[in-house]
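Hi,

Here is the structure I promised to send over.

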Amino acid sequence: MNNGLGFISTSNLDRDLYTSSQTRERALNAAIIQAHISESFEEYLQIFDEFYADDIEVHSETAEGPIRGKAKVRSLIATFLVPLHAMAEIGGLLLSVRQTAMPGDAADETHSAWTLELVGVSGKSCTVSWRALRKWNGSSVIYEYHYDHQQSGGPLTSDDLSFYAPASGFGSPS
């Protein structure tokens, strides 16, 4: 927008960038929350492929250094998701993911708080929470940083899972 002095105002551009990144953030977070790990871990990988740039850079306060590139980050995500999928599909683990948007001050950045609750068939639970900062370039995440990791409840063990078939007689432990 021209302000009459020959200068172009960037306020509309910033607002559009802010609106665009917030809209994509809401779509990404909704997709993550609506996916069902007990049915498929591949759905999460498809979400990652859709929303993240090829040159994505991921950092965490608990990691030694950044992970760069879509292939490396995708591999790391799969390494995390496959065991969760197996424990949910076969072992009866219940998973619940919650997300809360947090205010930010840069148009191309979004902030959110996440909670993952794992509940075993024993009723024992473990809750992990963290915060995420994402930087967007257009419709793709180009940078993600995870921080403020917290855990409550003890670790779940094999006693909290059920890898046996229902009591139909076939596959039941003796």
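This is a predicted model: local features need pLDDT of at least 70, side-chain atom pairs count only at pLDDT 80 or more; totals for chains, interfaces and linings use all residues.

Residues are numbered from 1 along each chain as its sequence is written, and side-chain values use heavy atoms, with hydrogens and water left out.

The chain has 3 helices and 6 strands (DSSP runs numbered from the N terminus: H or I of at least four residues for helices, E of at least two for strands). From the N terminus, the order is α-α-β-β-α-β-β-β-β.

The 6 strands make an open sheet with mixed pairing, ordered β2-β1-β6-β5-β4-β3 (two strands pair if DSSP finds at least two bridges between them). β2 (67–68) and β3 (94–102) each have a single partner strand, so one side of each has no neighbour in the sheet. Inside the sheet, β4 (residues 109–119) and β5 (residues 125–137) run antiparallel over 11 bridges, and T115 has S129 in β5 as its bridge partner.

Helix α2 (residues 42–51) packs on this sheet, touching β1 (52–60), β5 and β6 (140–152), with its direction at about 110° to that of β1. Helix α3 (residues 70–89) lies across β1, β2, β3 and β4, at about 70° to β1. Contact here means heavy atoms within 4.5 Å; axes are lines fitted to C-alpha atoms, for helices over the stretch in contact, and angles run from 0 to 180 degrees between N-to-C directions.

Now the inside. Of the 174 residues, 30% are buried (under 20% relative accessible area, 1.4 Å probe, protein chains only). Leaving out neighbours within four places in sequence, Y52 contacts L28, K70, R134, S140, V141 and E144.

Finally, the serine: S21 sits in helix α1 and counts as buried because its relative accessibility is 1%. Its side chain reaches the backbone oxygen of A107 at 2.7 Å. Apart from residues up to four places away in sequence, S21 touches A107, D108, T110 and W136.

Cheers

Technical notes: Buried means under 20% relative accessible area, exposed over 50%, partly exposed in between (1.4 Å probe, protein chains only). A polar contact is a pair of N or O atoms within 3.5 Å; within protein, one must be able to donate a hydrogen and the other to accept it, and residues adjacent in sequence count only if both atoms are side-chain atoms.
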